[in-house]
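Me: I have a structure open and would like to go through it step by step. Could we begin with its pockets?

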Amino acid sequence: MDQELFLRLPSTTALRYFVAAARLLSVTAAAQELHVSQAAVSKQIRQLEMQLGKPLFVRDKQRITLTALGEWYYQEAVSVLRHMQKMSVSMQDDHVEIRELHVGVLPTFAAQFLIPLLPDFYAAHPDVRLQLYSESGKVDFASRPYDLMISFNIESSPDVSVYNIINERLIVVASPLLLDTMVDAQRIAALPQLMFTPRPGMWHDWFADTQHHALPPQMGLMFETFQMLIQAAIAGLGVALIPEFLILRELAAGTLLRVHEHSIESASSYFMAVPNIKAQDRAVVAFRHWLKEAMDNGS
């Protein structure tokens, strides 16, 4: 073997730190995810760029973007790290071939619905492992090398196959600390309505659908994810419009109560997006069928 060649290889630490910063486009966010200091991430990336002799990022004050070389190097580094991880897992599992699926998913869908069901999936498919990554919803396989994505509000290109998961039914809920019984729309209008920042018009649509002609809704606190919105509602900060399937456990436990009988159906739905070249992949098909069955069974 050419020992000089291996001496020029970057460290796996440098690759991991670079990949995290490239995926998040933030050294600060990468440091938080990796549980290390920002200085440590910056140092590893600088050493990697010095070793390569070329910049991987364009730095503009507090913002970073990948150079063209950085984009290419990111894709290759992800492949290398995945292969190394697969080798290690295979050794630990008595050489059983494990197929990893890298899944970009909305954080609340993952936390409230998908993760609690994973023991069932692994029991049915012990040779498949999911690697979950939090995504805001934009389907973009060019810059994010996922096997599939779970998103909302379909926007995809012709080279992506889309499979519907579940339609969204929004119901009005509150903590029993705030309301302990069903109330009318006028009572709802008098309370702070917790807002879901990505869709600020939800309450307007709900009141319009109930034909309620009282004063305009009182805008409450605003939250970027449904996960935050759920916790705010549980804390009694106001009433919230939340997809029913995401809060089945909270409704069953009584930490949230449905406080109005009217619900609205969203025009869009939750869906799975898969690059066409991976649509018939054995593990992708297994996961897609399992998820559809879980939804059909009302899990």
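Me: How much space lies in the largest pocket?
Reply: In this predicted model, the largest pocket holds about 660 Å³ of space.

Me: How many residues line the largest pocket, and which lie nearest its centre?
Reply: The lining consists of 26 residues. Nearest the centre are L106, P107, E135, S136 and G137.

Me: Which elements give two or more residues to that lining?
Reply: They are helix 2, helix 6 (107-124), strand 4 (128-134), strand 5 (148-152) and strand 11 (264-275). The largest share comes from helix 6, with three residues.

Me: How do the residues of the lining divide into nonpolar, polar and charged?
Reply: For the largest pocket, eleven are nonpolar, eight are polar and seven are charged.

Me: And what volume does the second largest pocket have?
Reply: Its volume is about 440 Å³. It is lined by 16 residues, and those closest to its centre are R16, V19, R23, L81 and Y133.

Me: Which helix gives the most to the lining of the second largest pocket?
Reply: Helix 5 does, with five residues. At least two residues each are supplied by helix 2, helix 3 (27-34), helix 5 (68-92) and strand 4. The lining of this second largest pocket divides into nine nonpolar, three polar and four charged residues.

Me: Let us change topic to helix packing. At what angle do helix 2 and helix 4 pack?
Reply: Helix 2 (residues 12-24) and helix 4 (residues 38-52) pack at about 110°, and their axes are 9 Å apart. Helix 2 is therefore roughly perpendicular to helix 4, because angles of 65 to 115 degrees count as roughly perpendicular.

Me: Which residues meet there?
Reply: From helix 2, T13, A14, Y17, F18 and A21 take part; from helix 4, their partners are A40, V41, Q44, I45 and L48. The residues of this contact comprise eight nonpolar, two polar and no charged.

Me: Next, aromatic rings. How many aromatic pairs does the structure hold?
Reply: There are 18 aromatic pairs. One of them joins F245 and Y270, whose ring centres are 5.2 Å apart and whose planes stand at 80°, so the pair is edge-to-face.

Me: Where do F245 and Y270 lie?
Reply: F245 is in the loop between strand 9 (240-243) and helix 10 (248-253), while Y270 is in strand 11. The pair therefore ties together parts that are 25 residues apart in sequence.

Me: With which residues is G220 in contact, leaving aside its neighbours within four places in sequence?
Reply: G220 is in contact with P192, Q193 and M195. The C-alpha atoms of G220 and M195 are 6.3 Å apart in space, although these residues are 25 residues apart in sequence.

Definitions and conventions: Residues numbered from 1 in each chain as written. Predicted model: local features only at pLDDT ≥ 70, side-chain atom pairs only at ≥ 80, totals over all residues. Heavy atoms only, no water. Axes fitted to C-alpha atoms, helices over the stretch in contact; angles between N-to-C directions. Helix = DSSP H or I, 4+ residues; strand = E, 2+ residues; numbered from the N terminus. Parallel < 35°, antiparallel > 145°, perpendicular 65-115°, else oblique. Contact = heavy atoms within 4.5 Å. Nonpolar A, V, L, I, M, F, W, Y, C, P; charged D, E, K, R; others polar. 1 Å grid on protein atoms, 1.4 Å probe; cavity = no way out; pocket = protein on both sides within 12 Å on 5 of 7 lines; lining within 4 Å. Points joined across faces, edges and corners; volume = space filled by probe spheres on them. Phe/Tyr/Trp six-rings, centres within 6.5 Å; stacked < 30°, edge-to-face > 60°.
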